[in-house]
Amino acid sequence: MNFGFTEEQGFLREAVRKFVDERCPMAEVRRLMKTRDAHSPELWRALAEQGTLGLLIPDEYGGAGLSWVDFVVVLEETGRTLLPSPLVSTALATMALLEAGSPAQRSRWLPRFADGRAVGTLALLEASDRQGAAGIALAAVRDGEVDVLRGEKRFVADAGAADVFVVAYRVGTALRLALVPKEAPGLRVELVPTLDETRRSGTLVLDGVRVGPEDRLVAADPEATLELLLDCGCVAVTAEGLGAAEGALAVTVRYANDRVQFGSPIGRYQGVKHRLADAWVDTESIKSLLYYAAWTIDERRAELPRYASLAKAYLADAFTRIGVDCVQLHGAVGYTIEYDIQLYLKRSKWLRPMFGDGDYHRDRLAALTLG
Amino acid sequence: MDFNFSPEEQAFREEIRGFLDANLPDPVPDEDPAFLQAWNRKLREKRWVGFSWPREWGGGGGDLIRQFILKEEMSARRAPALGLDFMGLTWVGPAVIKHGTKEQKAEHLEAILDGRSHWCTGYSEPDVGSDLASLQCRAVRDGDEYVIHGQKIWTTSAHFASHIFLLVRTDPTVSKYKGITCLLVPMSTPGITVTPIENLSGKASFNQVFFDGARTPVANRLGAEGEGWKVVMGALANERSGISESTEMQQHLDDIRALAKRAVRNGRPALQDDRVRRRLSEMEIRVEAMRLTGLRHLTDQINGKPSGSETAINKLQRGILEFEMSELSLELLGSEALHQGEIQHDALGWHGTVIGGGSPNIQRNIIAERILGLPKD
């Protein structure tokens, strides 16, 4: 029993922190969020050179073959400074390939994910906005061996930057997952302006897109694969959110030490310091749930669904509170576009619904433990 | 990161389970003093009371991971607490092990493990609560003795305790932290009077303790004169770390789930009520966070990182949980909550862990100042 990080994981954290501080300071975040995809191909290639993009990808496909605990370390650090990038989306597409991709599909995409030539993402949600298999209603029409898709996938993260989409649909009642490249005939991406401009979302319009056997993932149990992807999604966004919550807390602690009112830094007043202390208790508690959840992905997968929900439910509500508190504690300047704290508030709004909000996961936990 | 236990640790877990199967009655007669004494003797034979204390003083000499496993298994089966003298085991004994003389160790440690002593703790005074370092209870050296004058309050268990772990001021001329000394005083000492205070649930759990020229030998001083603050910081850390353990909260969660399973709200089973279900899930989230945070700190301890302010995390979580669980249990009772009863009384019984060991706002000050680096209040 050892609930600590290895020395290597400590080095990894330092390296990523140094990278994001040097290559993507807040000025660069603000520049990128005004670009079409909030995605910098140069930054992406630099992340690839660092080995960050191939972290979860096995050696044979050009990656480092590391674990989700390592990946969580990376996401905490990229979340801390709100780094705009399709890191989470591509990791989830990677998981789809590792779980259910054919050798040919893996050989085609994984090396390109690892060296930064391609970006992948999940396209699961539909107009019903229901999480999980219950939300997949898109029905394919069969044309011989080909599934023909007509419909929409909504809230697709990094839709504009993605080169390939993992699309879920049904043939009759059977769930299927497939890889659809962005140049597939009949596929169109409609970008939708986002509240958190460091993130991008879009609608995938499928107008007669043809999915052949070579495009379909070969999951023995597609429902289980889908659930795994969503649970990994919970872990990933919780890690990013934890980093962002810690970032917001650090920015606000600095402000509370600097801002003087009534002859003293406002951080001396209990009305201020107690809120910040509560935020810290929340971030530390989230760490405990998150790190364990990440460990279960590689080591004890039967426990993943419960821990993914425990971690995401805590993060979704706590980061919401922390985001609002941190803006409030800044007073009026917190409400200006100039101060960075508002960007953290908006990130909390992005992460709350991603892969299910607090109530969704509390309901899921209740179903697991209470029946 | 590795949450697997070694084969030896697994075997230890099996040994505990086997012991419980063979020895623990069902239901557990945990109010029966004769049973509790007999149970303690059995645990002493296994050296499971004071599991991590040095063997030369009667402890088990065990490591922290096995201690964790032992507590987890005992709690899962609702076995009585490990040991009978709660304060003796949780902070007085560890303080004596760290700061005590050979004679003090011989006098107190085995007695604590056997449950022959029963310690209480003399910290708070009528004008001194959260600002503990301002305490005024005075001890003046007179030859080989200290003469004690003053008053303590909120002294839990003083009405039946055998000894008091007592903080006194020995030097009023130096800074408030430096003039404090810790004494180990028998409650039978002439000049000590105990007056129980009825608490809001109608029970006498805490007391006023008056010292009117009580004399105790200098040999009963724990640590050097003027070093009492250092002793008490360690003792408070141990008290908070006891409160921070998740095992009891897991039991409370199981209890409230059982209550929810039989409760009816507005003619419908309470477990069909989304709000009840979500509140139970919220509790599950915090209890599990406490358990895993405890494991993170256990790892730190094993790696030699001194445990510090981190216990404040779980102490605050426990406070939130105690309130939430109390209120939900009363709501689940419906109008029965108007009447007296065990659940109703338990719902008012959170003061020991929420206020004891430092109130929630004191924990927040500690975090903000020592960890976040905000200016001192």
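Residues are numbered from 1 along each chain as its sequence is written, while chains are lettered from A and ligands numbered from 1 in the order in which they are written. In this predicted model local features need pLDDT of at least 70, side-chain atom pairs count only at pLDDT 80 or more, and totals for chains, interfaces and linings use all residues, whereas side-chain values use heavy atoms, with hydrogens and water left out.

**View 1. An open sheet of 3 strands in chain A, with mixed pairing.**
The strands follow the order S1-S4-S5; strands (E, at least two residues) and helices (H or I, at least four) are DSSP runs numbered from the N terminus, and two strands pair if DSSP finds at least two bridges between them. Strand S1 (120–123) and strand S5 (174–181) of chain A are the edge strands, and because each has a single partner strand, one side of each is left without a neighbour in the sheet. On average, neighbouring strands of this sheet are turned by 25° against each other, direction ignored. S1(A) pairs in the parallel sense with strand S4 (residues 164–171) of chain A over 4 bridges, and A:Gly120 stands opposite A:Val164 in S4(A).

**View 2**

**View 3. An open sheet of 4 strands in chain A, with antiparallel pairing.**
The order of the strands is S2-S3-S7-S6. Strand S2 (141–143) and strand S6 (187–192) of chain A stand at the edges with a single partner strand each, so one side of each is left without a neighbour in the sheet. From one strand to the next the twist averages 20°. S6(A) and S7(A) run antiparallel and are joined by 6 bridges, with A:Leu191 opposite A:Gly202 in S7(A).

**View 4. A salt bridge between A:Arg150 and A:Asp207.**
The closest N and O atoms of this pair are 3.0 Å apart, a salt bridge being a side-chain nitrogen of Lys or Arg within 4 Å of a carboxyl oxygen of Asp or Glu. The pair links distant parts of the chain, since A:Arg150 belongs to strand S3 (residues 146–157) of chain A and A:Asp207 to strand S7 (residues 201–211) of chain A, 57 residues apart.

**View 5. Domain 1 and domain 3 of chain B in contact.**
Chain B is divided into domain 1 (7–84), domain 2 (119–226) and domain 3 (244–371), with bounds that come from an automatic or database domain assignment. Between them, domain 1 of chain B and domain 3 of chain B bury about 810 Å², 58% of it on carbon and sulfur atoms; buried area is the accessible area (1.4 Å probe) that two parts lose on being put together, summed over both. B:Leu64, B:Phe68 and B:Arg78 supply 58% of the area that domain 1 of chain B buries against domain 3 of chain B, more than any other three residues. The count between these two domains is 3 salt bridges, and B:Arg291 forms a salt bridge with B:Glu72, where the closest N and O atoms are 3.7 Å apart.

**View 6. The interface of chain A and chain B.**
Here 46 residues of chain A are in contact with 42 residues of chain B, and the area buried between the chains is about 4400 Å², of which carbon and sulfur atoms give 61%. In chain A, the residues that lose the most area to chain B are A:Met1, A:Phe3 and A:Leu370, together 19% of what that side buries. The count between chain A and chain B is 8 salt bridges, and the side chains of A:Asp363 and B:Arg278 meet in a salt bridge (2.8 Å, N to O). H8(A) gives the most to the side of chain A that touches chain B, with 17 residues.

Technical notes:
Axes are lines fitted to C-alpha atoms, for helices over the stretch in contact, and angles run from 0 to 180 degrees between N-to-C directions. Contact means heavy atoms within 4.5 Å.
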